[in-house]
Amino acid sequence: MSLTSILSAEAIENAVKEFQAPDSFSFKKFSQLCGLTSKSPKEVKDVFQILDDDNSGFIEESELKFFLQRFVPGARTLTDAECKGFLSAADDDNDGKIGVEEFLIMVQS
């Protein structure tokens, strides 16, 4: 399964372009622009599985750095500040990683 089987390639491209500048990334706005917020819980969980690069069941800070590149190869990496902000916004149980339910809540909020 690929991200473009769930989200429109054009919407993904436009969302990634919006955040080309370092320290400009907003997960909430990115989710809206790429169409993730309008997807079903199952589709959001499918996106999570694709983003969970090591199949650990979690998205760790090291995986967040390459978040945009998972959508578009060659996209910029997230800055350390963006990764920390993303993690703190989603990590409800403070275990240092984002689980599938935390990801779903963040997309839906």
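**A close look at one site**

A: Residues up to four places away in sequence being left out, K97 touches F58, I59, E60, L87, D91 and E102, where contact means heavy atoms within 4.5 Å. The model is predicted, so local features need pLDDT of at least 70 and side-chain atom pairs pLDDT 80 or more, whereas totals for chains, interfaces and linings use all residues. Numbering runs from 1 along each chain as its sequence is written, and side-chain values use heavy atoms, without hydrogens or water.

K97 lies in strand β2; helices (H or I, at least four residues) and strands (E, at least two) are DSSP runs numbered from the N terminus. With a relative accessibility of 25%, K97 is classed as partly exposed, while D91, at 6%, is classed as buried. Buried denotes under 20% relative accessible area, exposed over 50%, and partly exposed in between (1.4 Å probe, protein chains only).

D91 sits in the loop between α6 (80–90) and β2 (97–99). Beyond four places in sequence, D91 is in contact with G96, K97 and E102. An unreviewed UniProt entry places a "binding site" at D91, D93, D95, K97 and E102; such annotations use the numbering adopted here, have shortened feature names and may be inferred rather than shown by experiment.

I59, a contact of K97, is also among those of F103, together with F27, L36, V44, V47, F48, L51 and I98, leaving aside neighbours within four places in sequence. F103 is one of the residues with the most contacts inside the largest nonpolar core, which has 34 residues. Such a core is a set of buried Ala, Val, Leu, Ile, Met, Phe, Trp, Tyr and Cys residues joined through side-chain atoms within 4.5 Å. The helix that gives the most to this core is α3, with five residues.
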